[in-house]
Structure formats: structure tokens, C-alpha cells
Amino acid sequence: MNEMRDMRAAHRPASAFTFTGTWREFLPIALTNLLLTVVTLGIYRFWAKARERRYLWSRTHFIDDHLEWTGTGKEMFIGFLVVMLVLLPLFLAFQFGLQSLVLRGEVAAAGALTVILYGGFFYLIGVGQFRALRYRLSRTWWHGIRGGSFQPGWSYGFKFLWKMFLGYIPASLLLPWSMVSLWNDRFNEMSFGPHQIEARADTDGLFGRWLLIYLAVIVGVIGALVLGFGIGASTGSTGAGITAAILAGLGLYVIVGVASLAFYAAYYRKVVGATSFGGLGFEFTARTADWFKLILGNIALVVLTLGFGMMFVGYRNWAFFVRYMEATGEIDLDHLTQSATSATSDAEGLADAFDIGAI
């Protein structure tokens, strides 16, 4: 039996991505990060993030070399401070200016200011998402080569603004198109070494999954009402009917969550599978059930450890990402030269301010 198992393992194709980290190795890093973050009232979280990434990147093997993270907590902290010093006065000015206009009865002007505020908010989210990705690529090294972008992200902010607006307007029906289009816009401006990253994703098959979320809502609401009225009428108890309807409503959240996860799993397979650079194509193989296990595992870890397990969520997410990532094709390492893009130092200030991810 052991010989047959060894033969199957020998004939199984090796993955281009391998994660060699262990929770035992990561535990001292996580505990130290948690302690110092608490002691410094959250300030150390930037250095904690840098330490965590250095470990995760160093344990990630891609083709024939490990990744390396060169970012520092200091530059991420400074980037966050710069953003907050700019954003806080603007938000305060909008807040007090809006109240002043309302008190003076200038409703139209207050409405216009509100539109400008929210428009600027979404614009900066887009810029933050772009610049966070650019920063992470510029601090990710492989074979001594890093990534980056020549674009600062200001134009992407406008694309994010109007495409998300268009996606949400018709009852959010066009959000799959917005998400895929923005992924392409974002990654087509990035490069790694001398190679431009190409993203050519489409929406084939995504709208069907997106409509399942609407179907789940409709069926769930109708089911909750029917169940509530049915039990109430059969038992003659209004309280029993209301209780049944509430429980059915809670079940609705679970159903909609699963339907949303099914969409996101398909979306991520689609966009990653349409992204390539330098002769290498990528594929993300995780299915809905795999995402479901990851999320349930994270929730159980946090709940059962009374919140302390949160320090392992980033580790689990990264290991999951690497485990299901594949690469195909060939890349000529002899012609892999350093990126000509600038190693930007603005870090992830906007992304941290709005609590968004780069990808």
C-alpha cells in the first residue's frame, strides 16, 4: 500500500506554488505581534503586518525560488499618517459644512455637498486599491526582481467611481461586469520585472451565479412569510408564527451567504485564470466548498479561542491562496531583468484608511 501511495505521489505533477510554513513556526510571530499591538494601542500593527508578510512570503516557493517581502512597518505607518493628515481635515470640513448648510435651510447645496463627499469617498477607495496593489508588487521580490506600475492610480480612481456607480444603479445587476472590468483595468497597469501583466477576463458564466443571489433572497423571503403564516394559522399562536418567520429569516442569511460565496468563487477563478505575464498563465482552482471550509474554519478558530485565533486568520488565508494557485507555461529567467518602475514609498495608507484589500 505504501509503495502504491509513493508511486502515485511521484507521478503527481508538482505545483508551481508551494507553501512550506507551519502554524508552529508562525505561532511565536503571531503572539509577539498580538502582544506588541495591544501594548502600543494598535500602532505596532504596521510592523506586525510587515513581520507576518516576511514570514509568509519567505515560506512561499514559486517554481524554483522563494518570494521575498521587502516592505517595512515604518513606511506603512508613515503612509497611513500622511493619508490621515490629509483626510481628517477634509472630512471635518465636509461634516461641519454640511451641518451649517442644513441649519441655514440650503438643502440643495447640502445635497450637492453630500454627493461630492460620497463621490470623493468612492474615488479614493479606487485609488487606494490601485496604489496598495502597486506597493505590494514593488515590495515582492522573486529572483531578485520586483514588480510595480508606472501609473499613480489617479485615473483608475475615476474608472472605479463610474464603473461601480454603473454596476450598482440597476439594482446591482451589473456588479459582475464592474468587478471583472476593474480587475482588468487594475492589473493591465501592473508589471513584474520587464514583463507587463495582462488581464483579459470576461463575464461568461458569472451573471448566472449572480442571479442566484437574487433568487435566494426572493425564495427565502417568500418561504419565511409562508412558514410564519402557516405555523401561526395551524397553531393559533401569533408568537409561534413570528418565531418561525424569524428563524426562517436567519436561514435566509445563510442561504444568501452561500450563494454569494458561490459567485465569488467563480469570479476569482475567472479573473485569475485570465491573468498572465511573461509567458506564464495562472489558475485558481478553489471551488465554493473550499472557500466555505476556509471561512467556517476561520470563524470556528476565532470563536473557540475567544478571539485570540484572529492572529492566525491571515496565515490561513495566505496558505489557502497558495495551495490553490497554479501556473502554466514557461518563463525565460535569463531575460528576467529588474523592473523600470519606481519603488514607490507611499505604502498602503489609503487602503488602510478605508480598510480595503489590494486584490
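Of the 359 residues of the chain, 39% count as buried. Buried means under 20% relative accessible area, exposed means over 50%, and partly exposed covers the range in between, with a 1.4 Å probe and protein chains only. The model is predicted, so local features need pLDDT of at least 70 and side-chain atom pairs count only at pLDDT 80 or more, while totals for chains, interfaces and linings use all residues. Residues are numbered from 1 along each chain as its sequence is written, and side-chain values use heavy atoms, with hydrogens and water left out.

The accessible surface of the chain is about 19,600 Å². Carbon and sulfur atoms hold 70% of that surface. These areas come from the Shrake-Rupley method with a 1.4 Å probe; for residues, only the protein chains shown count as cover.

The chain has twelve helices and twelve strands. Both are DSSP runs numbered from the N terminus: helices are H or I with at least four residues, strands are E with at least two. A contact is a pair of heavy atoms within 4.5 Å. Among contacts in the chain with a separation of 6 or more, 73% join residues 24 or more positions apart.

Start with helix α3, residues 45-58. Its 14 residues should span 20 Å at 1.5 Å a residue, and its end C-alpha atoms are 20 Å apart, so the two values agree. The expected span is 1.5 Å times one less than the number of residues. Buried residues in α3 are F46, A48, K49, A50, R53, Y55, L56 and W57.

Next comes strand β2, residues 60-62, which holds T60. T60 counts as buried because its relative accessibility is 1%. Beyond its neighbours within four places in sequence, T60 contacts T18, F19, D65, H66, L67, W318 and V322.

I63 lies in the loop between β2 and β3 (65-66). Its phi is near 60°, a positive value in a residue other than glycine. The relative accessible area of I63 is 39%, so I63 is partly exposed.

L306 sits in the loop between α10 (288-304) and α11. Its relative accessibility is 75%, so L306 counts as exposed.

Helix α11 (residues 313-323) contains R316. R316 has a relative accessible area of 29% and is therefore partly exposed. Residues up to four places away in sequence aside, R316 touches K293, L294, G297, N298 and L301. The C-alpha atoms of R316 and L294 are 7.8 Å apart, although the two residues are 22 apart in sequence.

A search of the whole structure finds one cavity of 30 Å³ or more. On a 1 Å grid over the protein atoms alone, a cavity is a set of points where a 1.4 Å probe fits but cannot get out; lining residues have an atom within 4 Å of a point. Grid points are joined across faces, edges and corners, and the volume is the space filled by probe spheres set on the points. The largest cavity has a volume of about 40 Å³. Its lining is F130, Q151, G153, S155, Y156, K159, D185 and E189. Helix α6 (residues 154-168) gives the most to that lining, with three residues. By class, the lining has two nonpolar, three polar and three charged residues. Here Ala, Val, Leu, Ile, Met, Phe, Trp, Tyr, Cys and Pro count as nonpolar, Asp, Glu, Lys and Arg as charged, and the others, Gly among them, as polar.

Definitions and conventions:
1 Å grid on protein atoms, 1.4 Å probe; cavity = no way out; pocket = protein on both sides within 12 Å on 5 of 7 lines; lining within 4 Å.
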